[in-house]
Every structure is written in C-alpha cells, then in structure tokens.
Amino acid sequence: MAIYSRENPAQSIYTSRSALNLEFALEVIKMYCLVGPKNTEVKTRPQLTTNFVAPKEQLTGDDLRSAVMHLLPLKKFIQMLQEYYPKADSVVKTALQKLNKWLMEQKEHVTSDQWHEKIAQLKAEYQLPKETKWVTCQGSKIYYRGYSCGLWMLFHTVTVEAYLKDGNKTDFEPTSVPETINEYMQHFFSCRECADHFGEAAANISSEVTRPEDVVLWLWKAHNRANGFLRGTPSEDPSHPKVQFPTKDLCQSCYTANGQWEEGGVFEFLTGFYRLGVCN
C-alpha cells in the first residue's frame, strides 16, 4: 500500500513494507489523509487526535531514519537496554549487548538500511522471532495496545532493573534512565502528540527524580498521567479501559485509608510486578 502527496503526486508519503489488512489500512489512511474543513482560510492541517502507533515492523522510514541525524540518543537508548534488560532473558540481553557494541563502532551515522540489516543478522544469529507477537499487550483490534503497551512494559522493567542493580551505588545517577527514555521518545516514537506529552512530563526530571527509587516512581506517575489523558479517546481499547495503575484489586497496600496513593506501597508493588516481567 502506498499513499502519495496531493501537492506532488510523484512523492510517496507512506509505503508499507508488506500487504496490510483492511482495518490497519484504514487506520493508516486516517493517519496520513486526515482532511480539515473546506474553509479556504484554514491554512494548516488539523492535528491527529488519536495516538495510533504503527506496529514495530512498520517503524522504519519515519522513525529509524532519524538515526542518521540523531545517532547519540539511539546509542544511549541501546546502551541503557543492554545494561538493564533483565538477565532472565539471556538471549535477548546478549543480542542487545552485541547490538550496542556494533552501534558504538558507528562514528558518524547509521542509515535505516544498515540498521535493518544488523537487526536481521541478530535475529538470525540468536533465532529471535521473525514476527511480532503480543500476549499481555494484545489489543482487541490490530490498532489497539500492542507496540505502545509493550514499550511501556519495557520502560517500567528497565527502571526497576536500574534501581535493583545500581540504586545502592554512590555513583548512580537517578535521572539518567528517565532522561534517556525521554530522548528516545522525542526522536523515535511515531506519535508526535504522545512524544510531546511525554516531554512535558519530563520537563522537571531534574527536580522530581532525586532519589534512586524516584526512577521507578517517576515513570509510574508519567504512565498514569498518560492513561488519564487518553481515557475516552479513540485510541483507548474498549476491552482494556485506561485506568490508574495499580488498581486496588491488584494492590491494597498502594492506597491509604482515604483512597490516596501510598507511594511506599506502590514502590514495593512495582519492583515486584515488573521484575517478574508482567505488564498492565
């Protein structure tokens, strides 16, 4: 499937790498072809209100080409992953370490072709799945949950691993992980509106993340803010409503007697919940 610019019919603004099913094709059309009111005084296209995110295998052109101009954030993100990805999944952790070593050897830029070639090589070498498969993050339709849910799960797991591994070290910089996550969001996340909201939440990291445990709690607060913002929007999966996490059913000790957050209880819950590799 390809979509071409109305102003320049020879210019492709979207090209899928493989055949798309009808539901996904309709979402892509909505994303790239949203048309505003026929008022000639309106000069700009209205912003997309959904936080639609393409599946991971589609994040090639718009996202990874950014690595050509923004290699440092990519290096920092992969370095963070190879450091704090759970040891329990030793195959992926080893692959990340090898990817990090290769990336650090690239001094100037990385093209999308080079990136995909390296990823394909690592997938073959470590027999990683060729197809994306969601379990806990499976949405009721193809355009719900999936990648964005999995990314939150990864972020939470990394913050917990960072705290457990290095939180008691005197040279641990608690702002490092959330700042690296924010840089990734700003450069490589396809939903611009989502990245902007994340950036707003990250504006005060230096004052809000001062203790090792704040690494875990800051992301939890950011995620709940995002859930509150997205509740009731077109991106919300009707089968998985956006709620403040964790619910009382999951964690009674996370709440005070009057229903307010008990951050000590929340912290204990999160460090157990995401250490086990479970996502909400």
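Hello everyone, this is a short tour of one protein chain, from its overall build to a few residues worth a look.

Some ground rules come before the tour. This is a predicted model, in which local features need pLDDT of at least 70, side-chain atom pairs count only at pLDDT 80 or more, and totals for chains, interfaces and linings use all residues. Residues are numbered from 1 along each chain as its sequence is written, and side-chain values use heavy atoms, with hydrogens and water left out.

Let's start with the overall build. The protein chain has 12 helices and two strands. Here helices (H or I, at least four residues) and strands (E, at least two) are DSSP runs, numbered from the N terminus. Reading from the N terminus, the order is β-β-α-α-α-α-α-α-α-α-α-α-α-α.

How much of the chain is buried? Of its 280 residues, 42% count as buried. Buried means under 20% relative accessible area, exposed means over 50%, and partly exposed is in between, with a 1.4 Å probe and protein chains only.

Now for contacts, meaning heavy atoms within 4.5 Å. Among those between residues at least 6 apart in sequence, 61% join residues at least 24 apart.

Next come the charged side chains. Side chains of opposite charge can pair when their charged atoms come close. A salt bridge is a side-chain nitrogen of Lys or Arg within 4 Å of a carboxyl oxygen of Asp or Glu. The structure holds 10 salt bridges, and I'll show you three of them.

Another salt bridge links glutamate 105 with lysine 101, at 3.0 Å from N to O. Glutamate 105 is partly exposed at 45% relative accessibility, while lysine 101 counts as exposed at 54%.

Then there is aspartate 214 with arginine 211, at 2.7 Å from N to O. Salt bridges that share partners join Arg211, Glu213 and Asp214 into one network. Aspartate 214 is buried, with a relative accessible area of 7%, whereas arginine 211 is partly exposed at 38%.

And which charged residue is buried yet has no salt bridge? That is glutamate 161, which belongs to helix H7 (residues 147-166). The nearest side chain of opposite charge, arginine 275, is 5.1 Å away. For that label, Lys and Arg count as positive and Asp and Glu as negative, while His and the chain ends are not counted. Leaving aside neighbours within four places in sequence, glutamate 161 is in contact with Tyr84, Pro86 and Arg275.

Last, a word on the backbone. Most residues other than glycine have a negative phi, and most peptide bonds are trans. The peptide bond from phenylalanine 245 to proline 246 is cis, with omega near 0 degrees. You'll find proline 246 in the loop between helix H11 (214-230) and helix H12 (263-273).

Glutamine 127 has a positive phi, near 55 degrees. This residue is in the loop between helix H6 (112-125) and H7, and glutamine 127 is exposed, with a relative accessible area of 73%. Arginine 145 also lies in the loop between H6 and H7, and its phi is positive as well, near 55 degrees.
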